[in-house]
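Hi,

Here is the structure I said I would pass on. Have a look at it first, and then read my notes below.

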Amino acid sequence: MEIIEYSPEWKDKWDQFVLESNNGTMFHLQKFFDYHKPGKFNFNHLIFLEKGNIVAVLPGSVINGTLFESPIGASYGSIVTKDVKFTKALEIVQTLIDYGKAKGWKEILLTSAPRVYERYPNENLDFAMLWLGFKYDLHYISSAIKLFPDKDIISRFQQTVRRNIRKTLKDPDIRVEMNDRYDEFYPILVDNKARHGVKPTHTYEDLLKLKELLPDNLKLFMVYYKDKPIAGSNLFICNEIVTLCFYNMLLYEYEHLKPIHRVMYEVVKWSTENGYQYVDIGVSQDTKAANPMTPSISLIDFKEKFDARTVMRNTLKYTY
């Protein structure tokens with residue numbers, strides 16, 4: 001087994017491998033990385049080859065010549081494989097460690113998607129890393145809703161949430177539609193983020209570019225009150241298993257109508273009807289705390305009202 005650095009002629013084969021993999025997501029696709037403006041990141045994506053065939057891919061960057069980090073410019077990274085046997089996982093990880101040593105790396109940092117993103121639950125890769133010297137560096141608390149096509153959706157939610165959703169369903173002035181009105185969605189999102197002293201991960205142009213590159217992977221749910229946009233959710237279709245609520249926004253003067261409860265219901269309903277197994281509603285860290293692992297209790301409580309459960313996003317670190 002050998003590792004080569006990615007070059008553009010591998011693009012189609014890389015993306016096809018990710019789509020057919022056990023643990024790949026849209027955030028591992030080269031088509032996804034194309035949304036970044038040229039020069040924003042210096043990528044050093046890696047391809048693991050056996051007899052000329054791809055057996056694993058690893059997006060990421062070498063930082064200051066000594067740290068390989070994955071992901072860079074994406075939500076999830078780490079090694080993407082098929083549903084591999086344990087001996088193959090060991091070989092892949094050992095090949096990476098040997099490659100890094102030859103390159104003079106001092107550290108490797110890998111953050112994978114939560115376990116629920118896998119087509120077949122398989123922890124061979126994680127155990128292989130731990131056995132060969134990786135250590136857990138960080139854990140982020142994320143929340144995901146397991147989807148059941150044969151269960152009534154609203155009845156799974158907390159009582160107040162159920163009542164609020166049913167109220168919006170009866171209100172003729174409130175409607176939800178799926179569209180591409182990012183021009184309506186984004187200004188409200190920016191205002192919401194500003195309340196917490198932050199900016200959205202993506203610019204307006206970024207979202208339009210992503211929609212252009214991956215038209216089937218971005219879905220926008222908009223809530224209107226008398227034709228005025230008052231709330232919305234930007235759903236990323238990560239793979240055939242999981243949809244991810246990347247952004248929710250709310251026009252706060254209409255908060256009393258509880259449009260976020262309604263849009264969450266619509267997202268769960270659409271994801272269920274379209275055959276997905278989970279809706280990931282993102283990490284719940286207290287971003288103002290000194291410790292990056294500090295949980296945001298209020299955010300977790302809110303997500304649990306929609307029958308969400310904790311799934312962890314883990315970072316593994318290797319030190320030479």
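Predicted model: local features only at pLDDT ≥ 70, side-chain atom pairs only at ≥ 80, totals over all residues.

Let me start with the second largest pocket. Its lining residues divide into nine nonpolar, four polar and six charged. In this count Ala, Val, Leu, Ile, Met, Phe, Trp, Tyr, Cys and Pro are nonpolar, Asp, Glu, Lys and Arg are charged, and the others, Gly among them, are polar.

Residues are numbered from 1 along each chain as its sequence is written, and side-chain values use heavy atoms, with hydrogens and water left out.

Back to that pocket: it holds about 330 Å³ of space. It has 19 lining residues, and L19, M26, L29, L214 and N217 are the closest to its centre. Helix α1 (residues 11-20) gives the most to this lining, with four residues. Domain 1 (2-139 + 315-319) and domain 2 (148-276) both contribute lining residues, so the second largest pocket lies between them. Those domain bounds come from an automatic or database domain assignment.

For the terms: on a 1 Å grid over the protein atoms alone, a pocket is an open set of points with protein on both sides within 12 Å along at least five of seven lines, a cavity is a set where a 1.4 Å probe fits but cannot get out, and lining residues have an atom within 4 Å of a point. Grid points are joined across faces, edges and corners, and a volume is the space filled by probe spheres set on the points. Helices (H or I, at least four residues) and strands (E, at least two) are DSSP runs, numbered from the N terminus.

Now the cavities. The structure holds two of 30 Å³ or more. The largest cavity has about 160 Å³ of space, and of its 18 lining residues, N23, I79, S112, A113 and E118 are the closest to the centre.

Two bridges join β3 (residues 53-58) to β6, and T81 in β6 is the bridge partner of A56.

The loop between β5 (67-70) and β6 is worth a click. P71 is found there, and the peptide bond from S70 to P71 is cis, with omega near 10 degrees. S78 lies in that loop as well, and has a positive phi of about 70 degrees although it is not a glycine.

Last, the aromatics: there are 24 pairs. Y182 and F185 have ring centres 6.4 Å apart and planes at 80 degrees, so they are edge-to-face. (Rings of Phe, Tyr and Trp, its six-membered ring, pair if their centres lie within 6.5 Å; planes under 30 degrees apart are stacked, over 60 edge-to-face and the rest tilted.) Both residues sit in helix α6 (residues 182-194), three residues apart, which means about one helical turn separates them.

Cheers

Conventions:
Pairing = 2+ DSSP bridges.
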